[in-house]
Amino acid sequence: MADVALQGAATARSPDRRKVLAWLRLQDRSFRFLTLGAAVAVLLILGGVMAALVIGSLPALQAFGPGFVVTEKWNPVTEQFGALAPIYGTLVTAFIAMLFAVPIGLGVAVFLTELCPYPLRRPIGVAIELLAGIPSIIYGIWGLFVFAPFLQKHVQPALIDAFSGVPVLSSLFAGPPYGIGVLTAGLILAIMVLPFVASISRDVFETVPSVLKEAAYGCGCTTWEVIRSIVIPYTRIGVIGGVMLGLGRALGETMAVTFVIGNAHRISSSLLAPGTTISASIANEFTEAVGDVYTSALIALGLILFVITFIILAIARYMLLRIDQRAGA
């Protein structure tokens with residue numbers, strides 16, 4: 001009798017179990033399709049942006065051909081456009097920004113994780129992260145009314161005098177001290193990029209196991225040796241990721257650069273001279289663009305910036321792949 005009763009109870013519960021399993025399978029399929037849809041949506045959006053840029057830039061590319069990329073002249077009146085000056089300004093300002101932001105950001109991260117007194121770590125870390133939350137237009141206003149006059153009065157004349165007569169450097173720091181210019185834009189970008197590099201580097205430095213550092217200190221290593229031989233190799237992928245994130249911000253920054261770069265469509269050997277970038281050119285002139293060729297030329301600038309960003313990210317991925325292969329070997 002007892003066996004019969006147990007079998008009857010199991011039979012009564014089996015439909016409920018089947019329903020539960022069916023519901024779980026439905027949830028699993030739904031989650032799989034949802035994540036797949038999200039991934040496909042990202043690819044579709046990226047493809048749509050690329051297609052829109054290509055289609056919009058076709059009139060300019062057809063009118064000027066490959067010469068559009070290597071021509072400096074930019075004259076809306078005669079509808080003669082070249083992208084060389086904005087490309088040059090974009091690359092130079094981004095290089096200056098990373099030249100200053102990367103070592104300073106890494107130094108800040110090392111100080112916060114290894115040398116800073118514990119009660120000060122959190123306030124300093126929060127202050128650095130707050131820099132990333134300041135709107136770019138605030139950086140631009142501050143750069144135009146405070147930073148550029150300071151450079152014009154104190155820094156740029158000193159650079160001109162210090163490097164006068166020095167080969168190459170005399171050309172890089174030549175001309176009157178305008179205050180605004182390529183160097184000023186690069187320094188503003190460095191200040192904007194610094195929080196990203198410092199914050200991400202600090203976070204990845206904190207992931208280093210304490211036992212590795214303690215073992216190195218126990219072997220007699222100095223703090224510099226621990227950072228160079230333990231911390232940096234262990235976190236190199238995260239550090240490169242932070243640097244690439246900062247570089248992407250520097251390449252695409254618009255408003256802050258527009259305020260302080262001078263917006264001159266010309267290439268000068270001096271970093272103190274005014275210039276322009278791709279983002280600044282688009283922001284300045286898109287509302288005033290009259291005619292299909294003018295508008296298409298600005299869209300073509302956006303396409304070039306998209307390609308530059310893609311190439312830099314591809315190089316970064318290749319570097320990370322090489323690092324992984326070398327570590328595996």
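Figure 1. A cavity is a set of points on a 1 Å grid over the protein atoms alone where a 1.4 Å probe fits but cannot get out, and its lining residues have an atom within 4 Å of a point. Volume is the space filled by probe spheres set on the points, which are joined across faces, edges and corners. The lining comprises Ala85, Tyr88, Gly89, Val182, Arg266, Ile267, Ser268, Ser270, Ala273, Pro274, Gly275 and Thr276. By class there are six nonpolar, five polar and one charged residues, with Gly counted as polar and Pro as nonpolar. Helix H3 contributes the most, with three residues; helices are DSSP runs (H or I, at least four residues) numbered from the N terminus. This is a predicted model, in which local features need pLDDT of at least 70 and side-chain atom pairs count only at pLDDT 80 or more, while totals for chains, interfaces and linings use all residues. Residues are numbered from 1 along each chain as its sequence is written, and side-chain values use heavy atoms, with hydrogens and water left out.

**Figure 2. The second largest cavity has a volume of about 30 Å³.** Its lining is formed by Thr90, Thr93, Leu189, Ala250, Leu251, Glu253, Val257 and Thr277. H3 and H10 are the elements that each give two or more of these residues.

**Figure 3. Trp74 and its contacts (heavy atoms within 4.5 Å).** Beyond its neighbours within four places in sequence, Trp74 touches Phe68, Gln80, Phe81, Gly82, His265, Glu285, Tyr294, Ala297, Leu298 and Leu301.

How values were computed
On a 1 Å grid over the protein atoms alone, a cavity is a set of points where a 1.4 Å probe fits but cannot get out, and a pocket is an open set with protein on both sides within 12 Å along at least five of seven lines; lining residues have an atom within 4 Å of a point.
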